[in-house]
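Let's take a walk through this fold together, one piece at a time. Keep the structure open beside you and look for each part as we come to it.

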Amino acid sequence: MTLPDASLPYAEVIGDPIAQSKSPVIHGFWLEKLGLSGRYDRHQVPVEGLADYLAQRRTDADWRGCNVTMPHKLAILPLLDRLDPLAARIGAVNTVVHEADGTLTGYNTDAAGFLEPLQPLLDQVHLFRMARVLGTGGAARAIVAALAERGFVVVLAGRDPAKARTMLDELTAQDDHHAIDLAHFAQATDFAFDDREQCLDLIVNASPLGMTGQLPLAFDFSHAPPRSVVYDIVTSPLDTPLLQQAREAGFETVDGLSMLIGQADVAFRHFFGATPPRAFDPELRERLTS
């Protein structure tokens, strides 16, 4: 592994695969708008190379840290010197900060990023909140923890319901959440939903299903209560089949760029010590989708 040549403050995103990551575009856009000297790269790191990668980067004074994507969000935990309390509770890290003393601190910015586009809804008062979350990976851990804190009853669906149940027990203080088989949502239901006028219902794809190169996500919209908001964190493709089907069925949707930009906002502050220029979000989204 070679270190970058230019002596500039830099951060990067690591994962395997990593070519599809849009993070360099986001951080590069903000550095450009702010006129800051620095850069943000992508670096492919296989599972077996994760420890060596961190050991080498520790010695690079220009390296400010990295974002972490699949499959490292859980595996990286024991390789860090300390965890932010939220990251420790979630049990997954997506942002590593290289401190001035050379130590590495792990953060989870996925939770804040996920909630950001939902904030106008969360500011309202509801009699009941329920989220059907599909997936049990590192991103799902952050999403479940964030939703439980905001008063949602969570129905967590995974290929292994026992794993989903364990996640709920680890991440939530209440016992009114439910774990089910992901296949349950693939089959039509004739369940009659009650009045949802003062309720907030979310359908969240927190899995890689539907992502380019992955299997499609099978979800039957008879499981979606009236006026549900459908949120897919997948970013490639951005307009997933799930979101397309949701719009056709009359549901509001939130795409994966919303969470990606939101979590990057928090990470950028850690890496470069500056506030991202969010007034340019429309231009940023245009660049990301062009």
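In this predicted model, His72 sits in the loop that runs between strands S3 and S4. Is His72 buried or exposed? Its relative accessibility is 0%, and buried means under 20%, so His72 counts as buried. From there, the side chain of His72 reaches the backbone oxygen of Val45 at 2.6 Å. Setting aside residues up to four places away in sequence, His72 touches Ile14, Gly15, Asp16, Val45, Pro46, Val47 and Leu50.

Now look at what lies beside S1. Strands of a sheet pair through backbone hydrogen bonds, either parallel or antiparallel. S1 and S2 pair in the parallel sense over six bridges, and Val13 stands opposite Arg42 in S2.

Let's stop at Arg42, whose place is in strand S2. With a relative accessible area of 38%, Arg42 is partly exposed. Which backbone oxygens does the side chain of Arg42 approach? One belongs to Ser21, reached at 2.6 Å; another belongs to Ile18, which lies 3.5 Å from a polar atom of the Arg42 side chain. Not counting residues up to four places away in sequence, Arg42 touches Glu12, Val13, Ile18, Ala19, Ser21 and Pro24.

Time to step back to the whole sheet. It is an open sheet of six strands with mixed pairing, in the order S2-S1-S3-S5-S6-S4. Which strands stand at its edges? They are S2 (39-44) and S4 (82-83); each has a single partner strand, so one side of each is left without a neighbour in the sheet. The partner of S4 is S6 (residues 104-107), and the two pair in the parallel sense over two bridges. Within this pair, Leu83 has Gly106 of S6 as its bridge partner.

Helices pack on this sheet too. Helix H1 (residues 23-34) touches S1 (10-15), S2 and S3 (63-68), and its direction makes about 165° with that of S2. Helix H9 (residues 256-272) touches S1, S2, S3, S5 (95-98) and S6, and its direction makes about 160° with that of S3.

In soluble globular proteins, nonpolar side chains tend to be buried together. The largest nonpolar core here has 33 residues, and Phe114, Val133, Ile143, Leu147 and Leu202 touch the most other members. The elements giving two or more residues to this core are H4 (110-115), S7 (128-134), H6 (138-149), S8 (153-158), H7 (161-171), S10 and S11. Which element provides the largest share? That is H6, with eight residues. To see the packing around one member, pick Val133: beyond its neighbours within four places in sequence, Val133 is in contact with Ile143, Val144, Leu147, Val154, Val155, Leu156, Ala157, Val204 and Ala206. There is also a second, separate core of 20 residues, which includes Leu31, Ile261, Phe268 and Phe271.

Helix H8 (residues 241-248) is our next stop. Its buried residues are Leu242, Leu243 and Ala246. Seen down the axis of H8, these residues fall within an arc of 95°, so they line one face of the helix. They pack against strands S10 (199-205), S11 (229-232) and S12 (252-254). After H8 comes Gly250, whose phi is positive, near 90°.

We finish with another histidine in a loop: His223, between S10 and S11. With a relative accessible area of 5%, His223 is buried. A polar atom of its side chain lies 3.2 Å from the backbone oxygen of His184. Leaving out residues up to four places away in sequence, His223 touches Arg132, His184, Phe185, Gln187, Ala188, Thr189, Phe193 and Ile203.

Terms used:
Residues numbered from 1 in each chain as written. Predicted model: local features only at pLDDT ≥ 70, side-chain atom pairs only at ≥ 80, totals over all residues. Heavy atoms only, no water. Pairing = 2+ DSSP bridges. Helix = DSSP H or I, 4+ residues; strand = E, 2+ residues; numbered from the N terminus. Contact = heavy atoms within 4.5 Å. Axes fitted to C-alpha atoms, helices over the stretch in contact; angles between N-to-C directions. Buried < 20%, exposed > 50% of the residue type's maximum accessible area, 1.4 Å probe, protein only. Arc of directions from axis to C-beta. Core = buried A, V, L, I, M, F, W, Y, C linked by side-chain atoms within 4.5 Å. Polar contact = N/O pair within 3.5 Å; in protein donor to acceptor, adjacent residues only side chain to side chain.
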